[in-house]
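Here are my notes on this one, as numbered points. Have the model open while you read.

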Amino acid sequence: MGPLQDICVAIDDHKSETAVFVNGKFCKDLKYAEAKDFFFSGLQNPGNTDNRVGSNVTTVNVDQIPSLNTLSISLARIDYALYGQNSSHTHPRGTEILVVVDGSLLVGFVTSNTENRLFTKVLNKGDVFVFPIGLIHFQFNVGHSNALAFAALSSQNAGVITIADTVFGSDPSINPDFLAKAFQLDKNIVEDLQKKFE
């Protein structure tokens, strides 16, 4: 179902007499909306890829642009160092469409159980790929330099579940005996992985 009004600019002040709760956010009274509620600056700046996966995602969702509330769209800039990756993850609330601006990326997604079919493709500058809502997907820089892509998502806040971080870095930790059996790994390997994701 679509929005029932033109705009619903999100605000944090839920105690305001002019606030109305719509789609998980409180909305400011339309007469108080301003141009700055529709604006974000900063996507021209590369993200810091000096981390364990060699990538950085700069999100632009309802938390950065309050007017995205109820509009079912958001954006991200993804920077990749040489051999950097946007690790296996899923967006539980949004389909993603990705366009490569610079470099070459190996991208893919896996369908749900029981088929678990992998769809993968190498993308170059100007190529576009779609990741269906909720499916595990990834991007890996296979070029010879840094890479840059932009993604649009069909949600004001698509959410993200990074598989390795979620499984091995949960708080509190998932029982290592359980994970050892689920992944068919030695318990010591699981415990070592959990330490890396603390």
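1. Helices (H or I, at least four residues) and strands (E, at least two) are DSSP runs, numbered from the N terminus.

2. Some housekeeping: this is a predicted model, where local features need pLDDT of at least 70 and side-chain atom pairs count only at pLDDT 80 or more, while totals for chains, interfaces and linings use all residues. Residues are numbered from 1 along each chain as its sequence is written, and side-chain values use heavy atoms, with hydrogens and water left out.

3. Now α2 (residues 176-183), where P176, L179 and A180 are buried. They sit on the same side of the helix, because they cover an arc of only 105 degrees around the axis (taken from the directions from the helix axis to the C-beta atoms). The face turned away from that buried side carries exposed F178 and K181.

4. Just after the helix, Q184 has a positive phi of about 55 degrees.

5. There is 1 disulfide (a pair of cysteine sulfur atoms within 2.5 Å) in the structure. C8 and C27 form the link, S to S 1.6 Å. C8 lies in the segment before β1 (10-11) and C27 in strand β3 (residues 25-27), 19 residues apart. Both ends are buried: C8 at 3% relative accessible area, C27 at 4%.

Notes
Buried < 20%, exposed > 50% of the residue type's maximum accessible area, 1.4 Å probe, protein only.
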